[in-house]
Amino acid sequence: MKTKEGNDFQECRSRLVERGELFLEKVTKSRDKISKLCKPFLRDGMTILTHSRSRVVLQVLKEAARDKKRFNVFVTESRPNESGRVLCNELKKANIPALLILDAAVSSVMPDVDLVLVGAESVVESGGIINRIGTFNIALAAKAFNKPVYVVAEFFKFARFFPLTQKDLPKKFENPLGIIYISL
């Protein structure tokens with residue numbers, strides 16, 4: 001089988017695998033860089049609230065713990081798939097004090113929170129984010145309690161797409177994954 005470049009299938013396959021490995025290497029490096037850039041924001045004695053499970057949030061918190069920073073983490077369950085439970089267990093395995101809370105309990109713990117740290121499915125050029133259901137409510141509660149919200153996301157999640165409201169999202173993004181658009 002010939003491709004546009006005149007190469008056979010195996011050569012094309014090799015290039016795709018090579019490019020995929022390069023992409024994974026860049027993603028790993030971007031998470032490392034994000035973790036280093038977050039260091040000044042995470043201080044000893046902080047209480048952090050996070051929502052759902054994010055690989056980059058997990059790496060940021062693990063890196064802070066490796067730097068001997070002591071902090072506590074509230075993790076929302078993130079219903080319906082309870083991915084927050086997975087993150088909470090991963091944090092505990094890394095010896096990071098983490099407490100799983102109900103999504104509805106965010107406002108009750110917000111007075112004790114120093115900052116909110118979440119990942120994102122996508123970050124649009126306007127600064128809005130597309131993320132799991134519940135993130136918008138957490139951001140509103142944080143704003144009401146004057147708490148900072150930080151979003152950490154890898155380079156490939158930046159996009160120009162700008163949905164004006166939830167209804168502007170394509171049907172394929174409507175809540176089977178629980179993803180919503182947030183812009184405050």
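Let me begin with Phe-71, which counts as buried because its relative accessibility is 5%, where buried means under 20% relative accessible area, exposed means over 50%, and partly exposed lies in between, using a 1.4 Å probe and protein chains only. Please keep in mind that this is a predicted model, in which local features need pLDDT of at least 70 and side-chain atom pairs count only at pLDDT 80 or more, while totals for chains, interfaces and linings use all residues. Residues are numbered from 1 along each chain as its sequence is written, and side-chain values use heavy atoms, with hydrogens and water left out.

Phe-71 lies in strand E2; helices (H or I, at least four residues) and strands (E, at least two) are DSSP runs, numbered from the N terminus. Leaving aside neighbours within four places in sequence, Phe-71 is in contact, meaning heavy atoms within 4.5 Å, with Met-46, Ile-48, Leu-61, Ala-64, Ala-65, Ile-96 and Pro-97.

Turning to the strand as a whole, E2 covers residues 71–76, and five of its six residues are buried. Strand E1 (residues 46–51) runs parallel to E2 and is joined to it by six bridges, where two strands pair if DSSP finds at least two bridges between them, and within this pairing Thr-47 stands opposite Asn-72. Four bridges join E2 to strand E3 (residues 98–101), again in parallel, and here Thr-76 stands opposite Ile-101.

Finally, E1, helix H2 (residues 55–66) and E2 form a right-handed β-α-β unit, which means that, with the strands pointing away from the viewer, the path from the first strand over the helix to the second runs clockwise. The crossover from E2 through helix H3 (residues 83–93) to E3 is right-handed too.
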